[in-house]
Structure formats: structure tokens, C-alpha cells
Amino acid sequence: MCGIIGYTGNNQAMPVIIKGLKTLEYRGYDSSGIALSDHKNFSVFKSEGKLENLIEKTKNLNNLSETGIGHTRWATHGKTNETNAHPHTSEDGMFTVVHNGIIENAEIIKEALESKGYRFISDTDTEVIPQLLSYHYDGNVPEAMRKTFSSLDGSFAVAILCRNEPGTIYAAKRQSPLVVGKGENENLLASDICALSEHAEVFSYLEDGEFAVIRKDSINFFDSSLKPIEKSFKKITTESSDNSKGNFEHYMLKEIFQQPEKIRNLLKDKIKNKKIFLNEIAELSLDITKAERLYIVACGSAYHAALAGKFAIEEMCRIPVEVDVASEFRYRNPPVSCNTPVIIISQSGETADSIAALRLANSRGAIVIGIVNVLPSTIANESDYVIATKAGREIAVATTKGYSTQVAALYMLALHIAGIKKTLTDKQLEFFTNELIEIPEKIEKILSDSDTIENISEKYKEKKELFFIGRNTDFAAAAEASLKLKEISYINSSAFAAGELKHGTIALIENNTPVVALCSNKQLLKKTLSNIEEAFSRGADILCVCKDKTFCNKNYKTIIIPDCTDIFTPLLEIIPMQLFAYYVAKKRGCDIDMPKNLAKSVTVE
Ligand code: M6R
């Protein structure tokens, strides 16, 4: 996580860096800082909390420096205070550094430097970088960098200022993303291209082990042994997105309401002869009908999207699907081979665990299909095939349109494979395709009744915990509903397969325990209703999300969603659940778009 940026050029650096940090704030927002290179000195400003605090602190400064670096932090080591905020400066004041990543051997290095008399002031892993640079420095910065970075374990994207070289930014990278942008009489670097697009037109991504030396009129690259290397710069047009909240109070609400349009847009061009066909994977270098198994690997909500996709692919394509969280998959020696394609799902395309899972799959010879929103991104670049989810920029940390477009993409993939494998008849394919086409309109219908959900949410604002239950596709949606609620409202919630309740969790149900039961899967309705009844008879306060309330006990509150084929229900039932989480969080006065402790893109493992 963390966002870093560096600027050197003919403009004042501070406003450019602050503006860049604003675009990078999704990567972490517990503190921020900036270092400006004055002649033979640095001016460093830091603030705890969101970037607004740093802006407030620096608003009356008229620092004319044309070179500087900036950082927005998601803490990995040490509390979220000003001392631990970046930039970190060596004790002798020679180097100041911003860092994204984790230095895994920081403690050992720190002890070694302390034994040589170095004093540390922060609790961060990052502080070892400027101190080590200063330890190795004898007038040659690249050489000090070579020695420093070869002794570090872990991940880093680093921008460095050296007091002796005002006007120069040094950069190094391993695992964490770093892109250099070339402008006219100004050059920059950042964790994400979106922070550079106002000042640069051509970009070059640093590879692991490479160094960059950036001045306003030159950019030079070196490999890890300091041999100069040529790197090409490419014109990359980033999606120009509307970054305003429009008429909505929060980005999350705006993004919830964008879902029909985004899913419609995703389906556009994919329908041929009343069937779904994905050109993106038309040339798949493996006969998909021969795949022994599919893996779907992801984190958080993307993992929940995978759960929904599993049901569709197994049902329609008759291929076994194994779904795994990336942080587990990468360390469990999965039996992946060239006959088991691996699908990696990621909104950001930069999630560290998902990238590691992708690389593991690649190293075993598996074909990797990335289902990704942000292009370009590491996961998109490294996947063999990419299905873009086209949700547009998602700003709220809690994903909504990112998730639903992932689910829709998986449904399209299922229909594409079923068409090739002929596991569905033409008539069935046409039926499911039509069902999918109708989803956006049905979402609009649910959204038009958001007031009802706002009213229902009122009484949940005081609750300490909630249970979400469901079977099969309903369980997939329940898992996502539970995550949505807890990440933005801070109410403890868990999701259970409804049939599992009686195996232990039911012990927690007492008078007025809130249970949200997702029971839209008509095939399993009776079974789920029995489980709901079991909870109700123990005092649970039940809210059902269903397609038809006639079967529900009249003591249950209900949210009715439009009818659709069972397999696609997660796409509909998640909508009222997103609204439910949103309104509960709002009524609790939570910071909805930037919940505490979170970041939009999780670039550390
Ligand atoms: O960018 P990714 O889709 O790879 O991110 C995965 C998770 O970090 C993400 O879905 C996270 O769980 C969201 N905050 C949930 O709203």
C-alpha cells in the first residue's frame, strides 16, 4: 500500500506533489508527508491523518523548490503518528526517502547500525533505508543504492533525495509498483500512473532490481549492478474519469448507482447470435474443453465474486472450480499445471497476494486469465489473457461496482466456455444470455427503492453484531454482504452457509440477534427457510432478502428483489446489501469512503 510520488521540473514541486498525493490517497490515508529539496537542505512536512491535514499545514508556505517527494501512508510498522510518517531522513540529514513496501530484515539492519552508533527515531522499517544509504555513501549515490538495496529483504518502491544533489530524484524498485513519467522540462515518478497524467505523456515502468535517476531534463536507468540500461517510454492514455461525487453524498453511493450502466457496458459487444462470446480469450492457447479444473484466486470482495462465479461455471460448464484466497494459494503448493487454467480476479490489478498467486501459476505453466478493472496494472500486464471489467475508476475503498462487474465477467466467462464445450444447448445459452442482459434493468428497479432500505437499516445502527446466512449462490452473496457491512460500519458480522448454523454458530443466537437471511435461490428456498426458522425459534430477528415473500413467516422483515434465474441472483441480492451497509454506516456517522485501517489497493502481503 502507500503511495509515493516524486517531481522535478520547472514548476513548483509542492502543488504538483500534493495534487498527485490526492490521487494516490486510495493507497493509504493514515498520514502523509512531503520533502522538498532546497539548496543543500530538505524541508520536510508531515501530518497524521488524511492528506487534508498536510494541505492545511502547508497552505501558507510558498516553497519555491522545484524538486520533491511525497508519501501517503498505510502503516505496516509503527503507530500512525507524525514521527512514523514518511519521508524518513538519515540521522546526518544526507538522505530522505519515501517508501512503499515492507523491509523484512529491518530489525537486523537496525541493530547492526545501532551497534555502529546510528540512532533511530521512528518505529518504521523504512528508516533503515536512509540510514543505510548514508552508511554506504562516499560521494557516489548509485553505489550507495546498490549496496543498500542488495542487502534488503522484502518489497520496496522508493524515491530518494540526496542533500548533495538538489534537483535529482533517485528511485529503486522490487515488487512494489513504480512508474516514471516524462514531461516537458519536468519528470516524475509515482506508484500509479494516474498521479502523473497531468504532467507526463509517456511512461516507463521500472522492473524489479532496476534503478532510475531522474532530473528535470534527463532520465537514466540502471540495472542492479549499475550497468546503464535503455528503457522505452510508451504513450499510455489513462481513462479520463469523472472524479466528482456528482449529486451523491459519497463516492460509494455514486458507485452503487453506477452498477447498471457498468454491467450494461461490459455486456456490450459480447453478444453474438444471442450468445456470449469473449474475444479476449478466443485465442486461448489451451483447448478449454480439456481443462481438468479451473482455479479462481483473489482477495476480499474479489474472492467473494469468485465464489459466485464458481457456481455458474460448475453448473454451466461442468468443470470443477477451486476458489482460493490468494494469500493461502501462494503458500500451499497447489497442484496447478498447464491443464488447470488459473483465473486471477482483481479490481486494482496491484494486490500483492494476487500478483504472487499469478506468478506461482505462471511458473507452473498454467494459463492465467486476469479479470481486472485497472488497466494498465501488474496483474493485467502479467496475465496471458485479460478480461477487463470496465467499471471505471472506483474511488470508495469498499468496492461495489468493482465487485459486481467481476461477477458479471465470470458469468460471461461461464457462458463463453459453455458455448464452446457445448455443455448447454443453444436454447439454454440463449436463455441465460437473456437473463444476464436483463440484470441491469432489475438492478435499476432495486435502486429506485433505496428509501425502503434506508428505513430498514435504521434499527441496525445500534447493533453490535449481525449474522448473514444463505445457501449456495445466496451464501456467495452473504459473504460479500457481511464484508461490506463490517468494513464501513465497523459492526462485527459473519456470513455462514445456512445449513452450517446448527453445527455450532446457532449457540450465539439469542433474543433479538439480527440475522440477515439471503434466500433468493428458489431451488433451495425451502431448505434455507428451515434454517431461518431454526434461528427464529431461538429469538433471532430476521430480515430476509428474497424474490417472493409469500413463503416467509410474516414475522420476518423482507426485502424483495426482482425474479431472475437462480444462478445469477448474487448480482441482484448484493445491491440491497450494499445499500444496507451504506445506510447503516451513514447512520453511525462513519467515514464511508475511507474506512479506518483500510486502503483501496493492498500492495503488501
Ligand atoms: O483490487 P483487488 O480486487 O485485488 O482487491 C481485493 C480486496 O482487497 C478488496 O476487494 C477489498 O476486500 C475491498 N475493500 C472490499 O470492499
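**Helix pairs, a ligand and some loops**

Hello everyone, let's start with two helices, α13 and α17, which are roughly parallel to each other (an angle under 35 degrees counts as roughly parallel, over 145 as roughly antiparallel, 65 to 115 as roughly perpendicular and the rest as oblique). We are looking at a predicted model, where local features need pLDDT of at least 70 and side-chain atom pairs count only at pLDDT 80 or more, while totals for chains, interfaces and linings use all residues. Residues are numbered from 1 along each chain as its sequence is written, and side-chain values use heavy atoms, with hydrogens and water left out.

Where are these helices? Helix α13 covers residues 426–447 and helix α17 covers residues 569–587; helices here are DSSP runs (H or I, at least four residues), strands are E runs of at least two, and both are numbered from the N terminus. Their axes are 9 Å apart and the packing angle is about 25°. An axis is a line fitted to C-alpha atoms, for helices over the stretch in contact, and angles run from 0 to 180 degrees between N-to-C directions.

Which residues of α13 and α17 meet? From α13 we have Leu-436, Ile-439, Lys-442, Ile-443, Ile-446 and Leu-447, and from α17 Leu-571, Leu-572, Ile-575, Pro-576 and Leu-579, contact meaning heavy atoms within 4.5 Å. Sorted by class, that contact holds 10 nonpolar residues, no polar ones and 1 charged. Nonpolar covers Ala, Val, Leu, Ile, Met, Phe, Trp, Tyr, Cys and Pro; charged covers Asp, Glu, Lys and Arg; the others, Gly among them, are polar.

Helix α13 also packs with α7, residues 259–267, with axes that come within 9 Å and cross at roughly 175°. That angle is why α7 and α13 are described as roughly antiparallel. On the α7 side, Pro-260, Ile-263, Arg-264 and Leu-267 take part, and their partners in α13 include Leu-436, Ile-443 and Leu-447. This contact divides into 8 nonpolar, no polar and 3 charged residues.

Another pair is α1 (residues 13–24) and α2 (residues 51–58), at about 165° with axes 10 Å apart, so they are roughly antiparallel. Their crossing is left-handed. Met-14, Ile-18, Leu-21 and Lys-22 in α1 touch Leu-51, Leu-54, Ile-55 and Thr-58 in α2.

Now for the ligand. How many residues surround it? There are 16, and the closest are Ser-346, Gln-347, Ser-348, Thr-351 and Glu-487 (near means a heavy atom within 4 Å). Oxygen atoms of the ligand have a polar side-chain atom of Glu-487 at 2.5 Å, a backbone N or O atom of Gln-347 at 2.6 Å, and a polar side-chain atom of Lys-484 at 3.0 Å.

Finally, some backbone details. Most residues other than glycine have a negative phi, and most peptide bonds are trans. His-86 and Pro-87 are joined by a cis peptide bond, omega about 0°, and Pro-87 sits in the loop between β4 (67–73) and β5 (88–89). Leu-375 to Pro-376 is also cis, with omega near -5°; Pro-376 is in the loop between β21 (368–372) and α11 (378–382). Asn-472, which is not a glycine, has a positive phi of about 55°, in the loop between β23 (465–470) and α15 (473–489).

Conventions:
Polar contact = N/O pair within 3.5 Å; in protein donor to acceptor, adjacent residues only side chain to side chain. Left-handed = near helix turned anticlockwise from the far one by under 90°.
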